[in-house]
Amino acid sequence: MSDAADNPGTVPDQSHPPIPSDATIILPVRNTLLFPGMVLPLTIGPPASIAAAQEATRGGRKIGLLLQDDPAVEQPGPEHLRRVGTIAEVLRYVTSGETHYVICRGVRRFRIDEFLTGFPYLVARITEIGVSEVMTPDIEARVHLLKMRARDAIGLLPSAPAEIGPAIDSLDSPTMLADFIAGIIDVPASEKQDLLETFDVTLLLDKLLGLLAKRIQVLQLSKEIGEQTQQTLSSQQREHILREQLRQIQKELGDDDVKSTELKELAEKIDKAGMPKDAEEQARRELRRLERLPETAAEYGMVRSYLDWLVELPWSKLDPERIDIAEARRILDEDHYGLEKVKRRIVEYLAVRKLNPDGKSPILCFVGPPGVGKTSLGQSIARATGRKFVRLSLGGVHDESEIRGHRRTYIGALPGNIIQSIHKAGTRNPVMMLDEMDKLGAGFHGDPAAALLEVLDPEQNATFRDNYVAVPFDLTKVLFIGTANVIDNIPVAVRDRMEMIEMPGYIEDEKLAIARRYLVKRQLAAAGLTEQQCQTSDEVLRAIIRDYTREAGVRNLERRIGAICRHAAMRIAEGNATRVIITVADLETILGPKLFEQEIAMRTSVPGVATGLAWTPAGGDILFVEATSIPGRGKLILTGQLGDVMKESAQAALTLVKSRAAEFGIDPAESQKSDVHVHVPAGAIPKDGPSAGVAMFLALTSLFTGRTIRSDTAMTGEISLRGLVLPIGGVKEKVLAAIQAGITTVMLPARNRKDIEDIPENARDRIRFVWLERVDDAIAAALNPPNFSEPGLSHTTHTATTEKRAARSG
């Protein structure tokens with residue numbers, strides 16, 4: 001039974017042996033006790049209690065009420081119940097919605113002899129206990145005193161029912177009087193249980209007299225406090241009566257004033273905070289202001305919160321910085337595979353910090369596609385230097401107050417994310433990673449990128465001023481590290497304050513090593529497997545890299561490995577196997593059909609199709625340029641969501657082809673009678689940039705000459721109307737994308753020859769590079785010999801073209 005309405009649940013099955021005639025149904029109660037002679041409604045909730053009450057009502061049986069030791073137990077057993085309770089009659093059983101009530105009248109006390117088993121609710125054999133009714137002079141005196149104290153207590157209660165006093169006066173039986181007062185007195189259930197377990201009437205009356213004396217003392221003190229409070233309050237302060245009463249109570253108890261204690265603690269914290277002079281003066285001014293404010297003032301909480309922020313900031317706390325170059329190399333090599341140039345630059349940075357700790361070191365910014373390890377590099381730097389690491393995500397931040405904080409005049413004002421991160425780190429020299437800096441956005445609340453200028457400038461951040469803190473805070477000891485996917489999206493002024501370290505994607509061999517060294521172990525641990533229970537070979541991992549992922553980083557690769565580990569865990573958990581060996585043939589069953597096919601040869605087997613190389617924020621990628629002609633008036637049609645720069649590249653390529661039509665063996669009259677349609681799949685993805693100029697030129701040349709382009713060749717480069725091939729960016733990403741797509745020959749602008757050093761040596765060995773000075777070099781390297789059976793190019797035309805090219809080169 002519960003004193004609060006509970007969900008009744010489902011009533012247990014009523015099929016059980018008949019209850020013996022000398023047994024009694026037991027109902028547990030949580031916080032309310034029923035004394036003999038009292039009538040109370042009780043709420044029941046647990047299904048077993050509902051079934052017990054229904055059985056007692058149905059059979060006209062009395063029930064025994066026992067107090068639970070722990071009210072939190074939902075399904076109490078015999079071990080949770082007291083052994084003395086009250087026999088009660090069920091006067092009425094009521095249901096209201098899903099809530100069940102029983103109205104009971106107490107009869108007499110009882111004691112448990114034994115609990116019976118085999119019933120869906122508690123059943124026990126009991127012994128009923130009566131209380132002696134002998135009236136002696138001692139008992140009569142106690143009865144008289146008890147009535148007097150009861151009337152005194154009732155007089156101190158502001159809302160006591162008027163009928164309680166006459167009811168007490170009408171009771172002459174010591175036991176009935178004691179039980180009545182015990183039932184209405186406001187004391188904990190444990191103390192009422194003690195009264196219920198007292199069978200000697202003299203002792204029972206003495207205990208009640210003691211409890212009533214305590215209650216009268218408390219009620220009198222409360223009344224005095226209320227009267228004193230009422231006299232000191234004006235009509236405008238009545239709304240704060242509860243706080244004033246609390247102060248009077250503490251005064252009566254001899255405790256120090258809470259506000260005085262808080263102000264003393266704040267003063268001690270200001271002394272220990274080690275603030276600079278300006279900040280300490282500001283804190284003490286605010287503390288004096290707080291002393292003059294009443295606790296009920298609206299500004300009290302605002303000033304108190306401000307002081308809490310001031311004293312908790314690590315003004316003078318610096319974690320000891322330990323820089324061991326050899327240990328730093330070991331940690332970087334342990335946490336990251338490859339990235340040799342990046343790790344070398346980090347070690348150089350740490351070496352300068354070690355030799356010149358007070359110098360103004362540059363702020364690093366890691367730039368690269370998702371999943372290449374930018375954020376984890378920051379964590380490795382923190383581990384190598386022994387500093388705290390905090391990460392501040394700037395993606396989607398469009399309010400300057402997110403960086404600089406809100407002024408204290410605003411409701412709910414807080415410091416900006418910079419100060420909050422410093423507070424979280426608990427030190428003035430953490431490693432703070434500013435993640436996704438290229439995804440900052442400006443809104444009508446200001447430009448957060450402009451707020452970062454002061455943060456990231458070593459000449460200015462010694463006096464960084466947060467709007468909430470309103471005093472300068474020194475950020476020179478913070479090691480800031482930024483991350484971004486695209487440099488161009490970072491404002492120029494912010495970019496100028498950082499040193500950009502590019503982190504291009506991984507080649508297949510690097511991904512294999514990363515998977516074998518880190519990803520497989522991590523996913524095996526996540527799936528609860530050991531290396532013996534789930535085994536994968538390098539061939540399986542290479543197949544996943546080639547056929548199921550095409551990315552610069554390794555996030556999707558880790559997800560695919562995780563799917564394999566979960567598949568093995570399912571088989572082992574089902575008992576179908578104790579060890580699972582994954583083969584290449586199993587991948588289609590686990591991961592589904594291949595997501596990427598080597599489609600280069602198929603798509604470039606017809607004239608007019610060229611394979612280009614593109615750069616994206618997620619790394620390099622290949623794209624196809626398709627050209628075809630239809631009868632018309634020489635118009636150029638462009639599709640595939642091309643940007644303005646790419647459209648201009650297509651127009652320049654067509655103009656260049658037409659200007660040298662005779663040289664390439666193309667009939668100029670034919671080109672004037674046909675419309676040219678250039679399309680770049682996939683049409684749903686926007687594309688822009690000048691680096692597709694060579695691919696567009698070759699696609700148009702292939703279309704007009706009828707010669708196909710080599711299927712193993714991809715190209716990139718901007719072209720001019722004079723036929724020059726101009727340099728482009730993203731060489732490493734584009735070459736890695738070509739390797740992933742199965743390309744063996746890559747044509748690059750000759751002026752990009754210096755960028756070849758950025759490509760890993762094992763990747764360079766797998767690619768043949770063709771360096772382009774002019775578009776003629778691209779034609780010679782990429783176009784297949786003509787198929788004379790195809791219309792559009794005769795043997796005579798091809799011979800003439802070859803002779804012209806030989807004469808020009810000679």
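Which residues does S649 touch, not counting residues up to four places away in sequence? In this predicted model, S649 touches G689, P690, G693 and M696 once those sequence neighbours are set aside. S649 lies in helix 23, which covers residues 644-659, and because its relative accessible area is 9%, under the 20% cut-off, S649 counts as buried.

**Overall architecture**

- The protein is built with 29 helices and 24 strands, and 47% of its 810 residues count as buried.
- Among contacts in the protein with a separation of 6 or more, 73% are accounted for by residues 24 or more positions apart.
- The accessible surface of the protein comes to about 39,000 Å², and carbon and sulfur atoms hold 51% of that area.

**Helix 12 (340-355)**

- The end C-alpha atoms of helix 12 are 23 Å apart, which agrees with the 22 Å that its 16 residues should span at 1.5 Å a residue.
- The buried residues in helix 12 are V342, K343, R345, I346, V347, Y349, L350 and R353, a list that includes the charged residues K343 and R345.

**Helix 13 (374-385)**

- Helix 13 has 12 residues and reaches 17 Å from its first C-alpha to its last, close to the 16 Å expected at 1.5 Å a residue.
- K374, L377, G378, S380, I381, A382, A384 and T385 are the buried residues of helix 13.
- These buried residues pack against two helices, helix 11 (325-335) and helix 12 (340-355), and also against strand 7 (363-367), strand 8 (389-393), strand 9 (431-435) and strand 12 (479-484).
- Just after helix 13, the backbone at G386 takes a positive phi of about 75°.

**The second largest pocket**

- About 590 Å³ of space lies in the second largest pocket, and of the 25 residues that line this pocket, G371, V372, G373, K374 and S376 are the closest to its centre.
- Helix 13, helix 18 (508-526) and helix 20 (555-573) are the elements that give two or more residues to the lining of this pocket.
- By class, the lining of the second largest pocket has eight nonpolar, nine polar and eight charged residues.

**The cavity**

- A search of the whole structure finds one cavity of 30 Å³ or more, and about 50 Å³ of space lies in the largest cavity.
- The residues that line the largest cavity are V29, T32, L33, L34, L65, L66, L67, G85, T86, Q193 and L196.
- Two or more residues of this lining come from each of strand 3 (63-67), strand 4 (84-96) and helix 5 (189-196), and strand 3 gives the largest share, three residues.
- The lining of the largest cavity divides into seven nonpolar and four polar residues, with no charged residue, whereas the lining of the second largest pocket has eight charged residues.

Technical notes: Residues are numbered from 1 along each chain as its sequence is written. This is a predicted model: local features need pLDDT of at least 70, side-chain atom pairs count only at pLDDT 80 or more; totals for chains, interfaces and linings use all residues. Side-chain values use heavy atoms; hydrogens and water are left out. Helices (H or I, at least four residues) and strands (E, at least two) are DSSP runs, numbered from the N terminus. The expected span of a helix is 1.5 Å times one less than its number of residues. Buried means under 20% relative accessible area, exposed over 50%, partly exposed in between (1.4 Å probe, protein chains only). Contact means heavy atoms within 4.5 Å. Accessible areas come from the Shrake-Rupley method with a 1.4 Å probe; for residues, only the protein chains shown count as cover. On a 1 Å grid over the protein atoms alone, a cavity is a set of points where a 1.4 Å probe fits but cannot get out, and a pocket is an open set with protein on both sides within 12 Å along at least five of seven lines; lining residues have an atom within 4 Å of a point. Grid points are joined across faces, edges and corners, and a volume is the space filled by probe spheres set on the points.
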